[in-house]
Amino acid sequence: MPLQRRLPKRGFTNIFKKTWVEVNLAELDEKFDGSEEITPDLLTERGIVKKGSLAKSDGVVILGRGELKKSLKITAHRFSAGAREKIEAAGGKATVAELSRGSKPDHKE
């Protein structure tokens with residue numbers, strides 16, 4: 001019998017782990033012009049986020065990698081601190097959306 005089958009399994013699986021679909025500012029700067037309001041649904045329509053991955057995750061998080069030259073109105077479930085600063089510095093607006101999935105409760109005890 002192989003060694004990996006003889007040894008016991010180690011560790012655990014966190015059942016409260018949150019998974020996020022990550023989108024960088026550089027992608028948003030390439031795909032959108034300044035007049036559109038960006039939502040998670042629009043990201044799936046444009047092909048930036050896969051529909052199946054959005055359904056399996058807890059939401060969309062916007063990360064600050066890249067430069068933003070347009071003032072965009074972005075609605076997402078979470079923003080990194082750097083992304084929020086870059087969006088506001090470009091004259092845009094970052095709005096936090098509520099999580100639409102009710103199956104995963106938020107346990108912050």
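Author: Helices (H or I, at least four residues) and strands (E, at least two) are DSSP runs, numbered from the N terminus. K73, for example, lies in strand 4, residues 73-76. This is a predicted model, in which local features need pLDDT of at least 70 and side-chain atom pairs count only at pLDDT 80 or more, while totals for chains, interfaces and linings use all residues. Residues are numbered from 1 along each chain as its sequence is written, and side-chain values use heavy atoms, with hydrogens and water left out.

Reader: How many helices and strands does the protein chain have?

Author: The chain comprises 5 helices and 6 strands. Along the sequence they follow the pattern α-β-α-β-α-α-β-β-β-α-β. The radius of gyration is taken over C-alpha atoms and compared with a globule rule of 2.2 Å times the number of residues to the power 0.38. Here it is 18 Å, well over the 13 Å given by the rule for 109 residues, so the chain is more spread out than a compact globule. The C-alpha trace spans about 60 × 30 × 25 Å along its principal axes.

Reader: Which residues is K73 in contact with, leaving aside its neighbours within four places in sequence?

Author: Contact means heavy atoms within 4.5 Å. With those neighbours left aside, K73 is in contact with E36, E37, I38 and K93. K93, in strand 6, is also the residue that K73 stands opposite. By contrast, the C-alpha atoms of K73 and P2, 71 residues apart along the chain, are separated by 55 Å.

Reader: Which side chains meet in a salt bridge?

Author: Side chains of opposite charge can pair when their charged atoms come close. The rule for a salt bridge is a side-chain nitrogen of Lys or Arg within 4 Å of a carboxyl oxygen of Asp or Glu. The count by this rule is 1. R46 and E36 form it, at 2.4 Å from N to O. R46 lies in helix 3 (residues 40-46) and E36 in the loop between helix 2 (25-31) and strand 2 (37-38), so the pair ties together parts that are 10 residues apart in sequence.

Reader: Is S57 buried or exposed?

Author: Buried means under 20% relative accessible area, exposed over 50%, and partly exposed in between (1.4 Å probe, protein chains only). S57 is buried, at 4%. Both R46, at 37%, and E36, at 21%, count as partly exposed. Over the chain, buried residues make up 29% of the 109 residues.

Reader: Where is S57 placed, and what lies 3.3 Å from a polar atom of its side chain?

Author: S57 is in the loop between helix 4 (51-56) and strand 3 (60-63). The backbone oxygen of L54 lies at that 3.3 Å distance from the side chain of S57.

Conventions:
Polar contact = N/O pair within 3.5 Å; in protein donor to acceptor, adjacent residues only side chain to side chain. Pairing = 2+ DSSP bridges.
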